[in-house]
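Morning, everyone. I have one structure to walk through today. Please bring it up on your screens.

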Amino acid sequence: MSNYLLYEIGIEEMPSRFVESTLDQLKENLTKLLGEKRVSFGKINTFATPRRLVLVVDDIALKQTDFEEEVKGPSKKISLDADGNFSKAALGFMRGKGLSEADVYFKNIGDDEYLFATIKEVGVDTKAVLMEVLPEIVKSVVFPKSMRWGGKNMRFVRPIRWLVTMLNDEVVPVDLEGIIASNITVGHRFLGKKSIEVSGLNDYLKKLRENYVILDQAERKSLILEQINEVAKSINGKVDLDEDLLDEVTYIVEYPTAFYGEFDKEYISLPKEVVKTPMKAHQRYFPVLDENENLMPNFIAVRNGNDYMIENVKKGNEKVLEARLADALFFFKEDTRNSLEHYRAKLSDVVFQEKLGTLLDKSDRIYNLAKNVEVDFELNNDALQRAAYLCKADLVTSMVFEFDELQGYMGMEYSKIDGEDPLVSKAIFEHYLPRFSGDIVPNSIEGSMLSILDKIDTISGFFALGIQPTGSADPFALRRQCLGILTILIKNNINLDVAKLVGKSLDEYKSISFDKEKVTDEIISFFNDRMANMFKDFGIRYDVIDAVLSIDEKNILDLFTRAESINKWIDRDSLTDMLVAFNRVSTLAEKAENDKVSAELLKDESEKVLYSAFIDVDKDIDIFMAQKEYTKALDRFAGLKSSIDTFFDSVMVMDENESVRNNRLALLKSIYNSMLKICDLSKIVYK
């Protein structure tokens, strides 16, 4: 076996949602520091269970690479004083590099001589490097929430209880704030030994498995999936698989054993999500479906251990779920004694934000926006307004109070019971979408619009108060709200002037004093920043993003479509010459007082030809832009290049005659303005 490093960080059970990000940070930190310390290595493998984070580094060198570097100091003129002795500048250079006068020499560079020295450093044993590096990679991990323990200065998501560090078969006694690494690990909390001595990597893996720890998360996940499918098949059902739940369960067990449980068939009459939510979100159970995709009165759970006394475990889990479902059934019956509209008035008892009023105030604002929405696409206005009126009402129902994950869903279900239009019910559910990155977006236009109105209201209100995200701090999730709007507009191909909608939303905040124009600009800038990040994620060049966001266009779908088109259009060999010409136009256009061209003042044949060509091109660009044919518009505009080149070769733009000079600048300004109908090509990097 090649040289390896085994590094196990033993912790108290950590939340599953932090495991993968922690592994990624540990791997990234170790990769960086080993590189900086000149320790070569192969692949870094990462493993995790609820109680341990493990790095295994393959092909690690046992010694640092030797280091040699020639460093340059001040010139000879500065390095020596009038008597030929080393000056303060030279001595300072030596002191900073840890050198003596015997270590330095002069060397010619061009016409001058400079002070030089060759710094050599013999590589030390990797073991010594690891003693320094391994504590640092742990201390450098960042969590949304972390904790201190035992009087230690460091923070981690959960207390660290032991370390195993082995370079091949040798223990590296890393000291992590008094936690000294050894070759002693622990097995499964209940089934394994409390102290396991290991002699190396293979022995470590073997003894963990003997002590009911399956270290490889990919293997655990595969086992869990295989087991839950087999259990479901044994009761003539199939797993209602949720990948996120599968990942979560993978990181809350070290030795999985799946089993099924049962519950009263009475609960199947509840809306499907009402039954599934306590199972998945609260108990980490997998629901079971029959061949018709209907819920069965069963669940599948995964035990952290073997099948010893599994029947008792099954009964215990059934009892817990039974209590949850009994509560849900009670809440459902109580809630449906009244219509959904009945609950709307109770929103006045719930504060949305101290200065922005109650949830009823927010509901009223959304309703008012829905009544006055202006769109150029087909929309059922009556359904949108009714959904806007009811969309927050379920927040004060007993069911949502107990199971807040069901907000929107219960509004949809209760409105169905009340006989509301299906479009209304669907929009009520969809107005919370997308709830997180990668979530589904509304697939109805009414749900899409209601979601946008709700999110715009939130963003507008907080910006009007002067509350904006700063750095990593975004306590009111305004970035998520903004990205939600952008995602809906782009994925559902919705044309919408966001600036206009923001203006209407701000008009609803009559009780707050603020500068509407300033706040609107801040919100649009906020949207542009989010758009830039989103467009980068779609693979659009940063300079193309700048070129598109520089123009006066607030339709986000239009901006995205433009950016995609331009991103493809600029991938051509002739780009450099083309952009050089248009950048000359842009630079001189800034000097123009206006874009009013007088044909009588066009003296040279080249400017007459350019003006005539521009008139034709500008008309065509208007046609192409109306049809959103951005690539064709760019091709047509690029056709001006030869006329522009001839113009610059033939005339002096800054002519002594003021009238002629201003007329030529106005012509260039007209061409520049025509370009801005598409994008600002001067932002494109071509060197």
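Let's start with Ala638. Its relative accessibility is 15%, so Ala638 counts as buried, given that the cut-off for buried is under 20%. Where does Ala638 sit? It is in helix H24, which covers residues 630-638. What does Ala638 touch, leaving out residues up to four places away in sequence? The contacts are Trp569, Met578 and Phe582. Now look across to Asn211. It is 427 residues from Ala638 along the chain. The two C-alpha atoms are 71 Å apart.

A word on confidence. This is a predicted model. Mean pLDDT for the protein is 93. A value of 70 or more is reached by 99% of the residues. Which elements mark the two ends of the range in mean pLDDT? The lowest is helix H22, residues 575-589, at 84. The highest is strand E11, residues 184-185, at 98.

Stay by H24 for a moment. The loop between helix H23 (605-626) and H24 holds Lys628. Lys628 is not a glycine, yet its phi is positive, about 60°. Most residues other than glycine have a negative phi. Buried or exposed?

Arg38 is in the loop between helix H1 (19-36) and strand E2. Here the relative accessibility is 19%, so Arg38 counts as buried.

E2 takes us to the sheets. Follow E2 into an open sheet of five strands. The order is E2-E3-E1-E7-E8, and the pairing is antiparallel. Which strands stand at the edges? They are E2 (44-49) and E8 (170-171). Each has a single partner strand, so one side of each has no neighbour in the sheet. At the E8 end, E7, residues 160-167, pairs with E8 over two bridges, in the antiparallel sense. Leu167 is opposite Glu170 of E8. Then there is helix H4, residues 126-139. H4 lies across strands E1 (4-11), E3 (52-58), E7 and E8. Its angle to E1 is about 35°.

Next, an open sheet of three strands. The order is E4-E6-E5, again with antiparallel pairing. From one strand to the next, the twist averages 40°. E4 and E6, residues 112-121, run antiparallel and are joined by seven bridges. Within E6, Ala117 stands opposite Val71. This sheet also has a helix across it. That is H3, residues 88-97, which lies across E4, E5 and E6. H3 runs at about 160° to E4.

Now strand E16, residues 295-304. How many of its ten residues are buried? Eight are, so call E16 mostly covered. E16 pairs with E14, residues 256-262, through seven antiparallel bridges. It also pairs with E15, residues 286-289, antiparallel over three bridges. E15 and E16 make a hairpin, with five residues between them. In that turn, Glu293 has a positive phi of about 70°.

On to the largest pocket. Its space is about 1600 Å³. It is lined by 44 residues. Which of them are closest to its centre? Asp404, Glu405, Arg435, Phe436 and Asp439 are. Several elements each supply at least two lining residues, among them helix H7 (243-250), strand E17 (351-353), helix H11 (359-371) and helix H17 (478-491). Helix H14 (409-417), helix H15 (422-430) and helix H16 (445-464) are also on that list. Which helix gives the most? H8 does, with five residues.

One last stop, between H15 and H16. The loop there contains Pro434. The peptide bond joining Leu433 and Pro434 is cis, with omega about -15°. Most peptide bonds are trans.

Methods. Residues numbered from 1 in each chain as written. Predicted model: local features only at pLDDT ≥ 70, side-chain atom pairs only at ≥ 80, totals over all residues. Heavy atoms only, no water. Pairing = 2+ DSSP bridges. Helix = DSSP H or I, 4+ residues; strand = E, 2+ residues; numbered from the N terminus. Contact = heavy atoms within 4.5 Å. Axes fitted to C-alpha atoms, helices over the stretch in contact; angles between N-to-C directions. pLDDT = per-residue confidence, 0-100. Buried < 20%, exposed > 50% of the residue type's maximum accessible area, 1.4 Å probe, protein only. 1 Å grid on protein atoms, 1.4 Å probe; cavity = no way out; pocket = protein on both sides within 12 Å on 5 of 7 lines; lining within 4 Å. Points joined across faces, edges and corners; volume = space filled by probe spheres on them.
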